[in-house]
Amino acid sequence: SRIGELSISHKITFAKFVSINKIVIGLKDTDTNGISGSIVFVDLVDANTSYEALVHNGLSTITQVKSYEKANILMSISHRIHNIGKGGVLDIKYSPNKLTLAASSEDGYVYVFSREEASVEHLNDRLFKISGALRVHISGVSSVQSIDFSTSGQYLRTFSPCVTNDKNVVINYFDLNNKDITEDAASPTAAVGSVKSMTSPGGKHKITIPSAGSRVVDPLLLEVIRDTIKWESVSSVATAELRGLYNDSVRDGLVELVNYDISPDRKIVAAAYSDGNVLIYGYPTTKGQLSLLTISAHSFGPVRVVFLGNSSNTIATCGVRDGTIMIWDVYSV
């Protein structure tokens, strides 16, 4: 059942759970005369918790929510980072050690925030400070749709639509341990507010942001990164590890890939197609790889698929046109 609603006056460009009690939201056209983006951190709090306890824990802003029957959760904005580039924040990712936060933007940059804390068990999003930026697109402005950290945290890859053909995806790789000192990553006109003044509209100002890393251009190193590096997330079907999802039917134009989801144990990937079928593949996939299983529950129209919770054997499929949701147990794959 629905447990509540959080009303935000600005346009939401991105939202996802990063833990069972925290949501991060990307916003568009919020600050600097309505042209920059923001990140909002939302905590889910037990409704029985007193207001005094919320303030004591640093959750001083309690947002207005619409309550429903059996609702026992309140959503509160615990923190916000203002003045991130120009346009909207399209993707937000934590590094594996949770000490770095990267945000991709419509202006063609990735903005990197860092925090230093002794205990990862008590991470505070209020301690994030801008530490650098990655200029993804040197010529021609193209938004950075999504980003991934490598499992080591050293590398970051970005995904952007091709300027000349928006059906193609441009992938760039950056080494965060090797800072590019030849030039600033962001132009002097890029507006990013300092964390100390981010809650005060009058405290916003333009700063020059240092480079957060260097672009990987060596062909041999690029090949190694593409083929051997493991990634914390897989944000685009254009990645090498998902190339098998573009099967013969997709390449021949008979069906379209609607969405995909990778199992928590990283052993299988479920791909949903416009003909109503869900195909299960071994992960990672390769070009021409045959599917392990086909689920044909939805008789017509597109379908979407997702693994439920931490289970690698339970998936949910949703028929876009038939309006049904089905839960499946996947065994012996």
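**Note on the predicted model**

1. Asp91, Lys93, Asp148, Arg157 and Glu241 are joined in a network of salt bridges, a salt bridge being a side-chain nitrogen of Lys or Arg within 4 Å of a carboxyl oxygen of Asp or Glu. By this rule the count comes to seven salt bridges. This is a predicted model, in which local features need pLDDT of at least 70 and side-chain atom pairs count only at pLDDT 80 or more, while totals for chains, interfaces and linings use all residues. Residues are numbered from 1 along each chain as its sequence is written, and side-chain values use heavy atoms, with hydrogens and water left out.

2. Arg157 has 1% relative accessibility and counts as buried, as does Asp148 at 0%; buried means under 20% relative accessible area, exposed over 50%, and partly exposed in between (1.4 Å probe, protein chains only). Glu241 is buried as well.

3. A further salt bridge joins the side chains of Arg251 and Asp248 (2.3 Å, N to O). Both residues lie in helix H3, three residues apart, about one turn of the helix, and Arg251 is partly exposed at 42% relative accessibility.

4. The loop between helix H2 (219-228) and helix H3 (248-251) also holds Ser236, which is buried with a relative accessible area of 9%. Not counting residues up to four places away in sequence, Ser236 touches Phe159, Val169, Leu242 and Tyr260, where contact means heavy atoms within 4.5 Å.

5. Which residues have the most contacts inside the largest nonpolar core? They are Ile39, Ile81 and Leu101, in a core of 17 residues, a nonpolar core being a set of buried Ala, Val, Leu, Ile, Met, Phe, Trp, Tyr and Cys residues joined through side-chain atoms within 4.5 Å. Strand E3 (36-46), strand E5 (73-84), E6, strand E7 (100-105) and E8 each give two or more residues to this core. Apart from it lies another core, of 15 residues, among them Val234, Ala271, Tyr281 and Tyr283.

6. A search of the whole structure finds three aromatic pairs, defined by ring centres of Phe, Tyr and Trp (its six-membered ring) within 6.5 Å, with planes under 30 degrees apart counted as stacked, over 60 as edge-to-face and the rest as tilted. One of them is the tilted pair of Tyr94 and Phe128, 6.1 Å centre to centre with 45° between the planes. This pair links distant parts of the chain, with Tyr94 in strand E6 (residues 89-94) and Phe128 in the loop between strand E8 (109-114) and strand E9 (129-135), 34 residues apart. Tyr94 is buried at 13% relative accessibility, and Phe128 is buried at 0%. Leaving aside neighbours within four places in sequence, the contacts of Leu101 include both Tyr94 and Phe128.

7. For the protein as a whole, there are three helices and 20 strands, and of the 333 residues 45% count as buried. Among contacts between residues at least 6 apart in sequence, 52% join residues at least 24 apart.

Conventions
Helices (H or I, at least four residues) and strands (E, at least two) are DSSP runs, numbered from the N terminus.
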